[in-house]
Amino acid sequence: FSLPTALSALRPHPSLAGFADGLLRAQGERGECRVVCFSPRHDLTLGRMTPDAIRRVVDMWADQTTALGAGYRWVQVFENRGETMGASNPHPHGQIWAGSALPVQAGREDASQQRHWAATGHRLLLDYADQEGGGPRVVLEDEDWLVGVPFWAVWPFETQLGRGHDGRP
């Protein structure tokens, strides 16, 4: 399923060299990039795979997130599909990026969730799911899952997956 990429944007042992030129600054970040092929069939998208095959992909995502999360601060799983998103491989595939830095947007989300917890004792995303349930942004909802377009969506095809109300962790 998952392979480290040779031309990764993130590497476990990056160059320690930095760059500074006026307003421009850069430095290496420790991390890993992995490519995940969902199927050996080039014509098969994730949405057209069997439930068992999709389950194997989701289980692999969870395993990779757990393993990489043990050594990195941020793990992001995403599907690469279409030229618009920069996919050069027609295969149904995705990527997993893990890095030592927390992206700015993720840091804001984390801070919002912590403030909500401190103020209410509730998990923000579960409260959000309760509010959005059955609403116009919900793509699919059953007793186990809520799939919806977040109110704060940034990407044109962004959805968020959450456990159903009875499956609160």
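Visitor: Among contacts in the protein chain between residues at least 6 apart in sequence, what percentage join residues at least 24 apart?

Guide: This is a predicted model, in which local features need pLDDT of at least 70, side-chain atom pairs count only at pLDDT 80 or more, and totals for chains, interfaces and linings use all residues. Residues are numbered from 1 along each chain as its sequence is written, and side-chain values use heavy atoms, with hydrogens and water left out. Contact means heavy atoms within 4.5 Å. Among contacts between residues at least 6 apart in sequence, the share that joins residues at least 24 apart is 50%.

Visitor: Are α2 and α3 roughly parallel or roughly perpendicular to each other?

Guide: Axes are lines fitted to C-alpha atoms, for helices over the stretch in contact, and angles run from 0 to 180 degrees between N-to-C directions. Helix α2 (residues 104-120) and helix α3 (residues 124-132) have axes 9 Å apart and pack at about 85°. Angles under 35 degrees count as roughly parallel, over 145 as roughly antiparallel, 65 to 115 as roughly perpendicular and the rest as oblique. The two helices, α2 and α3, are therefore roughly perpendicular.

Visitor: Which residues of α3 are buried?

Guide: Buried means under 20% relative accessible area, exposed over 50%, and partly exposed in between (1.4 Å probe, protein chains only). In α3, the residues that count as buried are L126, Y128, A129 and E132.

Visitor: Is C33 buried or exposed?

Guide: C37 is partly exposed, because its relative accessibility is 30%. The relative accessibility of C33 is 4%, so C33 counts as buried.

Visitor: How far apart in space are M60 and V36, C-alpha to C-alpha?

Guide: M60 lies in helix α1 (residues 51-69). With a relative accessible area of 8%, M60 is buried. M60 and V36 are 24 residues apart in sequence, and their C-alpha to C-alpha distance is 9.2 Å.

Technical notes:
Helix = DSSP H or I, 4+ residues; strand = E, 2+ residues; numbered from the N terminus.
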